[in-house]
Amino acid sequence: MNPNLTRLRRSMMFLNAQKPSLIKDPYIYKPDSIMLDLEDAVAENQKDAARYSLYHALKEIDYRGVERVVRINGLETAHWKEDVRVCVAGRCDSIRISKTESAADVIAVEEEMKKAEEEFGVEHGSILLMAALESCKGIMNAYEICMASPLLFGVALSGGDYTKDLQTSITGTGVEFAWARGMMINAARAAGKQCFDTVFTNLDDMDGFIKETQMIKNMGFDGKSIVNPRQIEPTHKIFTPSEKEIIKAEKIVKEVDEKKAMGIGVFTVDGKMIDIAFYPGAKRTIELAKAAGVYEGDL
């Protein structure tokens, strides 16, 4: 199994693939992933130029461990097959499927990817997939989309298109996304996949951004799509376990390991009742802390 299926993805920063000034060195801001965009950020008559720019960026720039995800054009366009071909030729890390509405969409992109892999001698499975859910139909089919391919590492909400389909608008309260977010995170977790939230575009409202990011973290999301380097640090802070959380997780893991060997199923940690059900969450906290580079223990 590709270890990148479960890699740390707290932040995914969108960048116009056509603009060298944006894609030449985004690693200096240390996002977990960059989203090199061939879709909405690129004008219709500039798609070929964007693919050319993308290919050379993928081949020539050392992104220093930052995941390189490419957002391709939707399957309803004439562009997506050539987008996939360039992604494979350049050997990106992952392909984001725009406007995904069914498992068939994922399967179609994977089949096209296989053709390109054979053409360019790329091992199948080395490039992953993710799906953007941008419509009511896509949200309704979230679970089947998550289960469509073992190469699909997760799903992401695309709020702008979704609210258009829902016949409402982005209010800033989050009420318009409540059902979609709940549906997505449940579908993703049931399928063993990751789940990512939509962008927050008001760069002047950092308090609102932090509040929304904390909320989606509390809901269970793995990370957030972002549009500006200023959003990286608060996003990483929210999605990285705190020292207090790490210490608590250590205590739970150690207590469960010790008490389980003694045949004890319920015990206390810091005066609170704990049982084996808390163990997976504590282990996940430790693993997240390790991936984020804030834990060097031996658990």
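A disulfide is taken here as a pair of cysteine sulfur atoms within 2.5 Å. In this predicted model, a search of the whole structure returns zero disulfides. C136 takes part in none, and the nearest cysteine sulfur, that of C195, lies 16 Å away. C136 is partly exposed, at 26% relative accessibility. For C195, the closest cysteine sulfur is that of C146, at 7.3 Å, which is too far for a bond. C195 is buried, its relative accessible area being 0%.

Strand β3 (residues 67-71) is largely enclosed by the rest of the structure, because five of its five residues are buried. In a regular strand, side chains alternate between the two faces of the sheet. Both faces of β3 are covered. E67, V69 and R71 are buried on one side, and R68 and V70 are buried on the other.

Strand β3 pairs with two strands, β2 and β4. The pairing with β2 (residues 33-37) is parallel and comprises five bridges. Within it, M35 has V69 of β3 as its bridge partner. The two strands and helix α2 (residues 47-60) make up a β-α-β unit of right-handed sense. The pairing of β3 with β4 (residues 94-97) is also parallel and involves three bridges. Here V70 is placed opposite I95 of β4. The chain passes from β3 to β4 by way of helix α3 (residues 80-90), and this β-α-β crossover is right-handed.

Helix α8 (residues 178-191) contains 14 residues. From its first C-alpha to its last, α8 reaches 20 Å, close to the 20 Å expected at 1.5 Å a residue. The buried residues of α8 are A180, R181, M184, I185, A187, A188 and A191. Viewed down the helix axis, these buried residues fall within an arc of 165 degrees, and they therefore line one face of α8. An α-helix has 3.6 residues a turn, so residues three or four places apart point the same way. The face of α8 turned away from the buried side carries N186 and A190, both of which are exposed. Just after α8, G192 adopts a positive phi of about 75 degrees.

Notes. Residues are numbered from 1 along each chain as its sequence is written. This is a predicted model: local features need pLDDT of at least 70, side-chain atom pairs count only at pLDDT 80 or more; totals for chains, interfaces and linings use all residues. Side-chain values use heavy atoms; hydrogens and water are left out. Buried means under 20% relative accessible area, exposed over 50%, partly exposed in between (1.4 Å probe, protein chains only). Helices (H or I, at least four residues) and strands (E, at least two) are DSSP runs, numbered from the N terminus. Two strands pair if DSSP finds at least two bridges between them. A crossover is right-handed if, with the strands pointing away from the viewer, the path from the first strand over the helix to the second runs clockwise. The expected span of a helix is 1.5 Å times one less than its number of residues. The arc is that of the directions from the helix axis to the C-beta atoms.
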